[in-house]
Amino acid sequence: MDLSIIIVNYKSAALILDCIQSIIQQTTAISYEIIVVDNDSQDNSEQVILQQYPQVRWLQMGYNAGFSRGNNAGLRIAHGDMLLLLNPDTIVLDHALDGCVSRFRASDYAACAVQLLNPDGSPQITGNYFMKGGLNHLLPLPYWGGFLRWLGYALQTKVPNVRVAETEQMVDWINGAYLMVKKSTVEKAGLMDEDFFLYAEETEWCSRIKKVGQLVVYGDLHVIHLQGESANAAFETNDKGYYDLYSRKGFQLMLSNHLRVRKQYGVLWFFILLFNYTFAVPVAFICSFIGNAARLRNPFKLWPKTGQLAGNVGRLWAIAPTIIRNKPHFYKVL
């Protein structure tokens with residue numbers, strides 16, 4: 001079999017139905033299987049999906065296992081020579097899987113992706129470059145992150161992502177919404193790290209895959225990604241981006257990013273990141289006060305939100321000893 005497509009489901013049956021329909025309509029030149037791994041959705045997902053697509057292989061985890069563990073379960077039973085991690089909130093366009101498999105099979109690349117698009121057809125960041133120590137994780141911080149972004153542009157540092165990929169764009173890591181690897185790559189790099197629940201797991205995995213071979217984005221092949229829909233179901237939020245550091249979802253994002261830095265770059269860089277997050281809290285309190293006062297607004301308007309950031313940073317400090325020890329631990333917020 002050419003390709004195994006692994007989709008992790010958590011209360012995303014409607015999205016998966018559309019995704020599978022696009023796969024079937026747009027994939028005619030290769031043999032493939034679709035494996036849906038259910039993270040204990042406790043709804044009618046299995047009935048709805050298998051009734052319409054009985055050929056789907058259904059795997060029930062029995063608990064909300066997250067992205068890494070769910071995908072690993074699918075990878076373990078996959079029959080394909082190539083393995084695709086595909087988000088439920090994706091729509092395949094213009095025979096993208098046919099073209100991707102054909103080119104990937106003939107290459108020496110270890111992993112690949114296609115250009116992700118927003119629903120309106122605009123490009124979505126698909127491929128990325130590593131920044132030493134994961135310093136790009138500082139950019140979402142209020143005020144302090146903005147200053148660091150300005151400083152980075154002033155110093156002409158390398159932009160950490162590729163917004164629009166060329167026909168073949170070499171990258172360091174790939175968005176987990178569409179990540180294709182060869183079975184031989186997994187045999188060498190290993191499976192995804194099951195300490196992660198959600199976020200940053202594909203980044204850490206790609207750091208190991210990159211030791212096996214190059215990663216490429218095929219910029220002329222396209223898949224629509226309804227960014228964040230499946231994750232939002234888990235966290236019961238409507239936030240679309242990765243700049244939320246204030247909610248429960250924000251803490252999961254913050255926790256996973258720090259965990260990834262610890263695993264990929266070590267304890268020193270973990271503390272550099274953590275101290276920057278800690279420093280950003282008083283900066284946010286002070287700057288928001290001054291900024292609103294200068295505009296003759298309530299100077300305390302943003303303090304409740306900044307307090308939520310402070311709470312998440314405090315929780316991160318509480319779990320820091322566990323992260324530092326780097327022993328097996330499931331970092332799950334839900």
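Helices (H or I, at least four residues) and strands (E, at least two) are taken here as DSSP runs, numbered from the N terminus. The structure is a predicted model, in which local features need pLDDT of at least 70, side-chain atom pairs count only at pLDDT 80 or more, and totals for chains, interfaces and linings use all residues. Residues are numbered from 1 along each chain as its sequence is written, and side-chain values use heavy atoms, with hydrogens and water left out.

A13, I16, L17, C19, I20, S22 and I23 are the buried residues of α1, where buried means under 20% relative accessible area, exposed over 50%, and partly exposed in between (1.4 Å probe, protein chains only). Their cover includes β1 (3-9), β2 (32-38), α2 (45-52), β4, β5 (90-92) and α4 (96-105), with contact meaning heavy atoms within 4.5 Å.

Strand β11 (residues 178-182) is mostly covered, 5 of its 5 residues being buried. In a regular strand the side chains alternate between the two faces of the sheet. In β11, Y178, M180 and K182 point one way, while L179 and V181 point the other. Two strands pair if DSSP finds at least two bridges between them. Strand β4 (residues 82-86) runs antiparallel to β11 and is joined to it by 5 bridges, with M82 opposite K182. Strand β6 (residues 111-117) is also antiparallel to β11, through 2 bridges, and here A111 stands opposite V181.

Elsewhere, 3 strands form an open antiparallel sheet in the order β8-β7-β10. Both β8 (161-162) and β10 (173-174) stand at the edges with a single partner strand each, so one side of each is left without a neighbour in the sheet. Between β7 (residues 127-128) and β8 there are 2 bridges, and N128 has N161 in β8 as its bridge partner.

Helix α10 comes next. Just after α10, L296 takes a positive phi of about 60°. On the surface, I286, F289, I290, F300 and W303 form a nonpolar patch with about 470 Å² of accessible area together. Helix α10 (residues 267-294) gives the most to this patch, with 3 residues. F300 lies in the loop between α10 and α11 (303-325) and is partly exposed, at a relative accessible area of 42%.

Finally, the structure holds 8 salt bridges, each a side-chain nitrogen of Lys or Arg within 4 Å of a carboxyl oxygen of Asp or Glu. One of them joins R105 and D2 (2.7 Å, N to O), linking helix α4 to the segment before β1 across 103 residues. R105 is partly exposed at 44%, whereas D2 counts as buried at 17%. Another joins R76 and E194, whose closest N and O atoms are 3.1 Å apart; R76 lies in helix α3 (residues 66-77) and E194 in the loop between α6 (183-189) and α7 (201-209).

Definitions and conventions:
Patch = residues over 30% accessible without salt bridge, like charges linked within 9 Å, V, L, I, M, F, W, Y side chains within 5 Å. Areas by Shrake-Rupley, 256 points an atom, 1.4 Å probe, with all protein chains shown as cover.
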